[in-house]
Amino acid sequence: MNLFVVAWNLPKQRQSIVATELQRMTEVYPHLGADTLWEWTSTCGTVVAASLHTADNLAAPRRYVHQDDSQLIFYSGLPVNPAGDFPAHQAEDLTSHWNRLDESLEGMYSVIRIAKNPLQLEVQTDILGFEKVFYFHQDDLWLVSNSVQLIERIYRPSTLDPLGVSMFLAMGWVGVDRTLRTDISTTPGGQRWTWRKGNHEPK
């Protein structure tokens with residue numbers, strides 16, 4: 001498991017608590033390796049990213065995170081490449097095949113890529129949206145994570161969503177793009193959202 005959060009235009013006073021709140025999530029997921037925590041902030045402060053994943057020796061051969069001079073890439077879930085021409089569970093290989101991932105990957109996954117210069121953030125979800133990715137959006141702020149609880153801890157607690165709650169009580173799950181919280185939604189499956197510097201909405 002790789003528990004992640006990535007933010008676009010997160011206020012500076014909130015940026016300082018990202019790593020702390022992510023580390024606290026070991027109370028919820030004790031199998032996460034405390035020494036796997038990492039955090040990255042762009043020079044201009046527009047993008048903040050961090051994750052905490054299963055200990056490397058237990059996660060192998062999966063490698064969830066890769067960073068070089070030009071980009072940072074990480075994933076959650078388990079991407080699968082049926083063609084077998086590259087190992088989709090190793091983040092460095094996702095980097096070198098980024099432009100064809102939408103055609104190559106199957107499975108339950110989300111992949112996040114940050115290009116450093118020019119600054120660009122991309123979030124890709126699996127075709128059916130089985131790997132849940134949630135977001136909070138307010139004005140020019142976007143907070144994206146695979147944990148509703150982590151979003152709440154970093155930004156603010158939110159009220160219960162009556163429709164989401166009624167779905168859960170009636171069906172045992174929450175459908176469409178809803179969650180149990182009013183201002184936290186689910187990203188659609190089979191999409192790649194792209195944020196670029198100077199734009200406040202993703203393409």
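These are my notebook entries on a predicted model of one protein chain.

**Ground rules.** I number residues from 1 along each chain as its sequence is written, and my side-chain values use heavy atoms, leaving out hydrogens and water. As the model is predicted, local features need pLDDT of at least 70 and side-chain atom pairs count only at pLDDT 80 or more, while totals for chains, interfaces and linings use all residues.

**Overall build.** I looked up the secondary structure and found seven helices and eleven strands; these are DSSP runs numbered from the N terminus, with helices (H or I) of at least four residues and strands (E) of at least two. The radius of gyration is 16 Å, close to the 17 Å that the globule rule gives for 203 residues, so the chain is as compact as a globular protein of that length. I note that this radius is taken over C-alpha atoms, and that the rule is 2.2 Å times the number of residues to the power 0.38. Along its principal axes, the C-alpha trace spans about 45 × 40 × 35 Å.

I see 50% of the 203 residues counted as buried (buried is under 20% relative accessible area, exposed over 50%, partly exposed in between, with a 1.4 Å probe and protein chains only). Of the contacts (heavy atoms within 4.5 Å) with a separation of 6 or more, 58% are between residues 24 or more positions apart.

**Arg113.** I found Arg113 in strand E6, residues 106–116. Is Arg113 buried or exposed? Arg113 counts as buried because its relative accessibility is 16%. Its side chain makes a polar contact of 2.6 Å with the side chain of Gln71 and another, of 2.7 Å, with that of Glu122. I take a polar contact as a pair of N or O atoms within 3.5 Å; within protein, one must be able to donate a hydrogen and the other to accept it, and residues adjacent in sequence count only if both atoms are side-chain atoms. Beyond neighbours within four places in sequence, Arg113 is also in contact with residues including Trp98 and Leu121.

**Cis bonds.** I noted a cis peptide bond from Ala60 to Pro61, with omega near 10°; Pro61 sits in the loop between helix H3 (56–59) and strand E4 (65–67). Asn117 and Pro118 are joined by a cis bond with omega about 0°, and Pro118 is in the loop between E6 and strand E7 (119–125).

**Positive phi.** Asp139 has phi near 55° and lies in the loop between strands E8 (134–138) and E9 (141–145). I list Asp139 as exposed because its relative accessible area is 66%. Val176 also has phi near 55°, and its 72% relative accessibility makes Val176 exposed.
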